[in-house]
Amino acid sequence: MALLPVADALERLLSAARPVRRTEKVPLHEAEGRVLAEDVAARLTQPPFDNSAMDGYALRHADIAVLGAVLKVVGTSAAGHAFEGSAGPGEAVRIFTGAPLPAFADTVLLQEDAEVLEDGRIRTTFLTPKGRHIRPRGQDFSEGEIVLKAGDMLDPGRLTVAAAMNHAELTVYTRPRVALLATGDELVPPGTSPGASQIIASNTYGVAAIARSAGAEIVDLGIVRDDKQAILEAVRNALSLDIDVLVTLGGASVGDFDLVQPVLGEAGMELDFWRIAMRPGKPLMVGRLGEIQVVGLPGNPVSSLVCSLLFLEPLVRRLAHLPPKTRLRDAVTAVPVKENDHRQDYVRARLARGPAGELLVTPFGKQDSSMMKTFAEAEGLLVRPPQAPAMAVGAPCKVLLLREPAP
C-alpha cells in the first residue's frame with residue numbers, strides 16, 4: 001500500500017469534519033475563546049447620555065467665543081453624580097470624564113485651558129471649538145443594534161462589549177468532545193511503580209493538552225490492556241458518551257498485539273486511510289464510526305505529539321468553528337542538513353533569532369521517536385519535504401513552531 005502524502009491526509013481528514021451544532025449558554029467569565037452560536041444585540045444604548053470625554057468645564061460655547069472670557073462655576077458633575085441644578089449665561093459646571101453633560105451645555109473646556117480665579121471663577125486661555133470633548137448618547141452602540149455576529153470568537157474586546165451591552169451570558173457552540181483511549185499491556189499511569197516490562201503512559205497528557213488548547217473538551221477513557229474484548233468494550237463505552245472524536249493511542253500498527261484497527265473495524269469503523277508518508281508518525285489511522293471521527297495515533301510519544309499537531313489540532317479547531325492555527329514559519333538553517341528520503345520529515349530542532357530577526361534552525365542530533373526530552377527542549381520542527389536535497393548553512397527552510405525561542 002502506497003504511503004499517503006501529509007497534505008492529502010490532512011485534506012481528507014478535514015473534508016469529512018462537520019463543525020459541532022450543539023449550543024449552550026455560558027456566563028461571560030467562562031466564555032473566553034468560545035465561538036458565538038447566534039448574533040448578539042445591544043440591550044441598551046451606550047453611552048446612555050451625553051457625557052464628557054475629558055476633565056474640565058461644561059458650558060455654553062457662546063460664553064467662551066472670546067479668549068479670556070470669565071465664567072462662574074456653579075456646580076459639579078461627576079461619574080455617577082449628575083449636576084441637577086441650573087446655570088445661566090456666563091456660568092459653568094465643573095465636569096469630570098464620563099460624567100453626564102448638563103442640559104444647558106454644548107461644549108467642554110479642558111481644565112488645562114482654564115485659569116482658576118478667586119471666588120469660584122475661571123478665565124479661558126484657549127479658544128475651544130463648539131461641541132468639543134463631548135461623547136454623544138449612542139456614540140458606541142444603540143439598543144437593538146447587532147454588534148457581535150454568530151461565528152465570532154470571543155476575545156477580550158468582544159467580551160467587554162458583550163458585558164457593556166448588558167449580557168451576563170452568551171449562547172456559544174459546545175466544545176467538541178474528544179475521547180482519548182490508550183492501549184497496551186506495558187502501560188501504567190504516572191505516579192505508579194512500573195513492573196519489569198512496563199513503562200509510564202505519557203502520551204495522553206500531551207495529546208490532551210494539544211486538543212484542549214484547540215478548543216476540545218477531553219474525555220479520558222484511561223488505559224486498556226491488549227485484549228480484543230476489552231478494547232471493544234472501551235470503544236462501545238466511548239460511543240455512548242456523545243463524543244465527536246475518538247483518539248486511540250498505540251496499537252494501530254500491524255504487529256501481533258496491535259489490535260486497535262481490527263477491533264474498530266468490528267465496531268463498525270469505516271477506514272479512510274492508514275500509513276502516512278511522514279516521519280515520525282507513519283502509522284496514523286483515520287476513519288469514522290457513524291458521525292464520530294476516529295484518529296488512531298502511533299504509540300511512540302514523539303510520533304503521537306507530531307501527529308496531534310499536524311492532524312488533531314486542525315481537526316478540533318474545524319469542529320470548534322475556529323480558524324486554522326498557523327504554525328509554519330520561514331527560517332534558515334544554522335548548520336548543514338543532510339538530504340531526505342521519500343517521507344516528509346519533522347525534525348526536532350532548536351530555534352534562535354538571527355541578527356535580522358530571522359529564525360535560525362539547529363536540528364538535534366538524535367531523532368528517535370521515543371525520545372521525549374528532545375521534544376520538550378525543541379522550539380520547532382524542521383520540515384523536510386520528500387526527496388529534499390541537502391542544505392548548506394543559511395539555506396531557507398520551513399519550521400513548524402512549537403514555542404517562541406528565547407530572546
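In this predicted model, the axes of helix α3 (residues 203-213) and helix α6 (residues 301-319) come within 9 Å and cross at roughly 20 degrees. Angles under 35 degrees count as roughly parallel, and α3 and α6 are therefore roughly parallel to each other. Their crossing is right-handed.

On the α3 side, the contact is made by Asn 203, Gly 206, Val 207, Ile 210, Ala 211 and Ser 213. On the α6 side, the residues are Pro 301, Ser 304, Leu 305, Ser 308, Leu 309, Leu 312, Glu 313, Val 316 and Arg 317. Sorted by class, the contact of α3 with α6 has 8 nonpolar, 5 polar and 2 charged residues.

Helix α4 (residues 228-239) lies across β13 (177-183), β16, β17, β20 (285-289) and β21. The direction of α4 is at about 165 degrees to β16. Angles over 145 degrees count as roughly antiparallel.

The strands named above belong to an open sheet of 6 strands with the order β16-β13-β17-β21-β20-β18 and mixed pairing. At its edges are β16 (217-224) and β18 (270-274), each of which pairs on one side only. Neighbouring strands in this sheet are turned by 20 degrees against each other on average, direction ignored. Within the sheet, β17 (residues 245-249) and β21 (residues 292-297) pair in the parallel sense. Val 247 has Val 295 in β21 as its bridge partner.

Another open sheet is also formed by 6 strands, in the order β7-β4-β6-β5-β9-β8, and its pairing is mixed. The edge positions are taken by β7 (107-110) and β8 (114-116). Each has a single partner strand, so one side of each is left without a neighbour in the sheet. Here neighbouring strands are turned by 40 degrees against each other on average, direction ignored. Strand β5 (residues 70-77) runs antiparallel to β9 (residues 121-124). One of the residues involved is Lys 72, whose bridge partner in β9 is Arg 121.

| Strand pair | Sense | Bridges |
|---|---|---|
| β5 (residues 70-77) and β9 (residues 121-124) | antiparallel | 3 bridges |
| β17 (residues 245-249) and β21 (residues 292-297) | parallel | 5 bridges |

Key
Residues numbered from 1 in each chain as written. Predicted model: local features only at pLDDT ≥ 70, side-chain atom pairs only at ≥ 80, totals over all residues. Heavy atoms only, no water. Axes fitted to C-alpha atoms, helices over the stretch in contact; angles between N-to-C directions. Helix = DSSP H or I, 4+ residues; strand = E, 2+ residues; numbered from the N terminus. Parallel < 35°, antiparallel > 145°, perpendicular 65-115°, else oblique. Left-handed = near helix turned anticlockwise from the far one by under 90°. Contact = heavy atoms within 4.5 Å. Nonpolar A, V, L, I, M, F, W, Y, C, P; charged D, E, K, R; others polar. Pairing = 2+ DSSP bridges.
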